[in-house]
Amino acid sequence: MATAQSGTGRTVTTRIPARLDRLPWSRWHWSVVIGLGTVWILDGMEVTVVGNIAARLSEPGSGLPITSGEVTGISAALYVTGACLGALFWGRLTDIYGRKKLFLITLAVYLGATAMTALSFDTWWFFLFRFLTGFGIGGEYAAINSAIDELIPAQYRGRVDLLINGSYWLGAVAGALLSIVALDTSIFPADVGWRLTFALGAVLSLAILLVRRHVPESPRWLLIHGRHEEAERIVAGIEKRVTADGGRELPPAEDEMTIHQRSRTTFTEIARTVFARYRRRSTLGFALFIGQAFLYNAITFGFGAILTQFFDVPSGHTGYYFAVIAAGNFLGPLLLGKLFDTVGRRIMISGTYVLSGALLFGTAWLFDRGSLTAATMTACWCVVLFFASAGASSAYLTVSEIFPMETRAMSIAFFYAIGTAAGGISGPLLFAELTNTGKVGDTVLAFQIGAGLMVAAGVVAALLAVNAERRSLEDIATPLSAAEPKPAAARP
């Protein structure tokens, strides 16, 4: 329902957000999950493959004059740097030009850069396209998380967001197993197998790109940006499909809101919103991202090196161990995700962060005592990351739902970039340096730093987390374009 003609600068009264939130789960929602969420599988495969082939790339005959430390250190840092810069660059464009345009463009960038990585003939080429691959992936985080949260009903948003972000680890399992085959010189020559892993990533991303074309633009974004009639058509089409799938009429949508449409939001308004109006939420976002980014980017990038240096695991077998760890990571969001919508955000976010950090401290203690083998080390990591993965996924959920619609993609990008830069750039460089010393104490120190940051972030979440479960995005944070902001939106 509109009270004024659509167009930027006009005012409309609508029930579009309420209509989307009152939808039951349907096959259409699964199509959104598949079309948008599967890219995390590619990201997980990318990072895992690089970590597992580091030793092979540094061996004579690989086709690249590169060391294992350069792969897990410099290359990893460049990938994360690209992701941080890409998140900021594409995140701004996502809020201006829409979710769909950008989640198509960023995937195309990733596809091209991955394909070019497979053709690497020198170290500088490999470094360049690892950076550009990250640049594309960084944009995906902003475009995809904002689109998913705006299309998924409120009562399912938490578990779906966690599951999608957790699917990264399905890619990690695939990457670990793929690296086993790729590194088997009885199947592929040493200078061919690793190239095929990157080529496969490009092929899979092309398939996802074809599926993604059918995912619509976010009606919420269209509504605010003066395209109310298009938003109405999209929502009506979704309702028709959901009704046909369920075989029953939908309940009426009760809540409505009035929007002053706009073309874009200035950086000044974004900064004022994030750092003044919602500064407590910003503190929460920083803490969650720094904690999880340092733990994952600092430690899992070097896991293959730990196995080979401290447990004498052959480089071609590290994929088996990492596949087990990755499976544990995926099970965390899968099994715990529903609790974020029922038990609540505050308890689950703080609980998963603190518990995973405490368990990591215990793992570091056992490793320092020499009590672990490759198998028991892997078992400890499975338990730690079962909880850490759910917590890390909830960081993306948190920053995508606690800020106003007009700033959503940029907020995701900003907190991802800052947190990942703090833990994901310095982390791999520091951790590669520590593990390369071959000293147990140095590796223990890296574990303890990651654990300490996770626990600290959990404490911050216990104090500042927003009770966003089963609430509409507009209720959690009133859009800047709303005619009459609700007092509840000012709560931390």
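**Labels and their cut-offs**

Modeller: Let's start with aspartate 312, which sits in the loop between helix H14 (303–310) and helix H15 (318–342). Helices here are DSSP runs of H or I with at least four residues, numbered from the N terminus. Mind that this is a predicted model, where local features need pLDDT of at least 70, side-chain atom pairs count only at pLDDT 80 or more, and totals for chains, interfaces and linings use all residues. Residues are numbered from 1 along each chain as its sequence is written, and side-chain values use heavy atoms, leaving out hydrogens and water.

Colleague: Why is aspartate 312 called exposed?

Modeller: Exposed means over 50% relative accessible area, buried under 20%, and partly exposed in between (1.4 Å probe, protein chains only). Aspartate 312 has 67%, so exposed it is. Its phi is near 55°, a positive value in a residue other than glycine.

Colleague: And what makes arginine 470 partly exposed?

Modeller: Its relative accessibility is 48%, so it counts as partly exposed. Arginine 470 lies in the loop between helix H19 (440–464) and helix H20 (473–476), and its phi, near 60°, is positive too.

Notes:
Helices (H or I, at least four residues) and strands (E, at least two) are DSSP runs, numbered from the N terminus.
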